[in-house]
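What did I look up, and in what order? Notes follow.

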Amino acid sequence: MIDKTNEDASPAKIEAWARLIRSSAAVLEQVETKLKVAGLPPLAWYDVLLELRRSEGAQLRPVEVEKRTLLAQYNVSRLIDRLASAGLVEKRKSPEDGRGIAVTLTAKGDTLLEDMWPVYKAAIQSEFACHLSEDEAATLFRLLGKLLPRE
């Protein structure tokens, strides 16, 4: 495999980068607006709660939340505190070592996920999906996969 990391990006690639960032920000802003209009919390709340639901035992350590959501550590700590204050998660001593904490999804948090999904799904449709054919979506999925870190 040829290493191209030291090559300069072409004008087309720089423009593609800029469009990716602008389009992502624009779509996310519209999704956030739709959630707010519906009286729901921000998308980051949904992301954290969903990752907890997906995890074994509906529980994760904060560092795992950070990795799964790509939120900055300082944002994760404050967000977990807000979620706990709202009764959507519980913070407990970690069962692995007893020193750290584990964050657990509560029934109230699970209910909020259910309440948010219809609004989020409709926003995905109106702000993103309706602009792509099935083939375009598959191509975009494949292309964006090339940008994700290899695990």
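I started with Arg-53, which is partly exposed at a relative accessible area of 33%. The model is predicted, and I kept that in mind throughout.

**Arg-53 and its partners.** I noted Glu-114 as partly exposed, at 46% relative accessibility.

Arg-53 also forms a salt bridge with Asp-110, at 2.8 Å from N to O. Asp-110 belongs to helix α5 and Arg-53 to helix α2, so here the linked parts are 57 residues apart in sequence. Asp-110 is partly exposed too, with a relative accessible area of 29%.

**Arg-54.** Next I checked Arg-54. It forms a salt bridge with Glu-51, and the closest N and O atoms are 3.2 Å apart. Both lie in helix α2, and because they are 3 residues apart, about one helical turn separates them. Are the two partners buried or exposed? Arg-54 counts as exposed at 57% relative accessibility. Glu-51 counts as buried at 14%, because the cut-off for buried is under 20%. I then searched the whole structure and found 7 salt bridges.

**Overall layout.** I counted 6 helices and 3 strands. From the N terminus, the order is α-α-β-α-α-β-β-α-α. The C-alpha trace spans about 50 × 40 × 25 Å along its principal axes. Of the 151 residues, 24% count as buried.

**Largest pocket.** The largest pocket holds about 1900 Å³. It is lined by 42 residues, with Leu-20, Ser-24, Phe-128, Leu-140 and Leu-144 nearest its centre. Which helix gives the largest share of the lining? Helix α1 does, with 12 residues. Helices α1, α2, α3, α5 and α6 each supply at least two. By class, I logged 26 nonpolar, 6 polar and 10 charged lining residues.

**Nonpolar patch.** Trp-17, Leu-20, Ile-21, Leu-144 and Leu-147 make a nonpolar patch of about 480 Å². Helix α1, residues 11-37, gives the most to this patch, with 3 residues. Leu-20 is partly exposed, with a relative accessible area of 30%.

How values were computed. Residues numbered from 1 in each chain as written. Predicted model: local features only at pLDDT ≥ 70, side-chain atom pairs only at ≥ 80, totals over all residues. Heavy atoms only, no water. Patch = residues over 30% accessible without salt bridge, like charges linked within 9 Å, V, L, I, M, F, W, Y side chains within 5 Å. Areas by Shrake-Rupley, 256 points an atom, 1.4 Å probe, with all protein chains shown as cover. Salt bridge = Lys/Arg side-chain N within 4 Å of Asp/Glu carboxyl O. Helix = DSSP H or I, 4+ residues; strand = E, 2+ residues; numbered from the N terminus. Buried < 20%, exposed > 50% of the residue type's maximum accessible area, 1.4 Å probe, protein only. 1 Å grid on protein atoms, 1.4 Å probe; cavity = no way out; pocket = protein on both sides within 12 Å on 5 of 7 lines; lining within 4 Å. Points joined across faces, edges and corners; volume = space filled by probe spheres on them. Nonpolar A, V, L, I, M, F, W, Y, C, P; charged D, E, K, R; others polar.
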